[in-house]
Amino acid sequence: MKPLVPVAPGARIALGVGFFVVFVAAWSLATFGGFVQKTFLADPLTMLKSGYTLLAEMGFIGDIGMTVWRVVGGFVIAAALALPLGVAMGAYKPVEAFFEPFISFARYLPASAFIPLLILWAGIGEAQKLAVIFIGSFFNLVLMIAVTVGNTRRDLVEAAYTLGVRDRSLIRRVLIPGAAPEIAEILRMVLGWAWTYVIVAELIGASSGIGHMITDSQALLATDQIIFGIIVIGLIGLASDLLFKAANRRLFPWAQLGR
């Protein structure tokens, strides 16, 4: 191993799979070996059996679909509003000076702290859950996009002005294309955070969703179902992460140059 030297694709896959093999082996040793009581940590086989029961007999597929819809809905709304505001803040310093203090203040407020207020304002329906995801994602997206756009290479900006470009064209033809690969990475990372917010929202006042199933399982001390729900979240997140990376490589091939 050498610092910053890339790993071959085959070796990367093998190493990634190897970690999961070691993790499951340690989990099996702890549970089947009797080191941890099943009340506190179910073994892998019991977890898989309970997962099959949840999917085949208890309608857990509907809960998964509802949670995915909430995550995508809240995140898309947040991204649609954060992108133009973040680009404007990064491009125009007066806009940044006006919005940045409040955005910096708001992004430190935990989204879960708004749940009591949101329940009062919007009830316990879908609007409340979408609002939690929106609050948790929007402010971070705005600030991170603004920083990325503001860090555009100055030599590219000066070259564009030398060639006679105007301000609006500079944003459209230089700032946005230059920042687009990093903005896509920001969206990928914040989407992962959105999953945290939706589970928190579903733990309170929800009648469906993965978080609702986890809460019900906690009351029954069904750690096998809890673990299965957590694993499902991780698998969906991993799949969305891989799709984001593949889309980014396809849409922004120039971002890989020099790496």
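**View 1. Arg 188 and Asp 241 in polar contact.** The side chains of Arg 188 and Asp 241 meet in a polar contact of 2.7 Å. A polar contact is a pair of N or O atoms within 3.5 Å; within protein, one must be able to donate a hydrogen and the other to accept it, and residues adjacent in sequence count only if both atoms are side-chain atoms. This is a predicted model, in which local features need pLDDT of at least 70 and side-chain atom pairs pLDDT 80 or more, while totals for chains, interfaces and linings use all residues. Residues are numbered from 1 along each chain as its sequence is written, and side-chain values use heavy atoms, with hydrogens and water left out. Arg 188 belongs to helix α8; helices (H or I, at least four residues) and strands (E, at least two) are DSSP runs numbered from the N terminus. Arg 188 counts as buried because its relative accessible area is 16%, where buried means under 20% (1.4 Å probe, protein chains only). Beyond its neighbours within four places in sequence, Arg 188 is in contact with Asp 241, Phe 244 and Lys 245; contact means heavy atoms within 4.5 Å.

**View 2. The largest nonpolar core.** This core has 57 residues, and Phe 60, Leu 141 and Ile 210 touch the most other members. Helix α8 supplies the largest share, 16 residues. A nonpolar core is a set of buried Ala, Val, Leu, Ile, Met, Phe, Trp, Tyr and Cys residues joined through side-chain atoms within 4.5 Å. With residues up to four places away in sequence not counted, Leu 141 touches Phe 75, Ala 78, Ala 79, Ala 82, Ile 186, Leu 187 and Val 190.

**View 3. Helix α9 and its surroundings.** Helix α9 covers residues 210-219, and its buried residues are Ile 210, Gly 211, His 212, Met 213, Ile 214 and Ser 217. Ile 210 is also one of the core residues that touch the most other members. The buried residues of α9 pack against α2 (44-57), α3 (60-91), α8 (167-202) and α10 (223-251). After α9 comes Leu 221, with a positive phi near 55°.

**View 4. The whole chain, for orientation.** The protein has ten helices and zero strands. Its C-alpha trace spans about 70 × 55 × 30 Å along the principal axes. Of the 259 residues, 39% count as buried. Among contacts with a separation of 6 or more, 71% join residues 24 or more positions apart.

Notes: Buried < 20%, exposed > 50% of the residue type's maximum accessible area, 1.4 Å probe, protein only.
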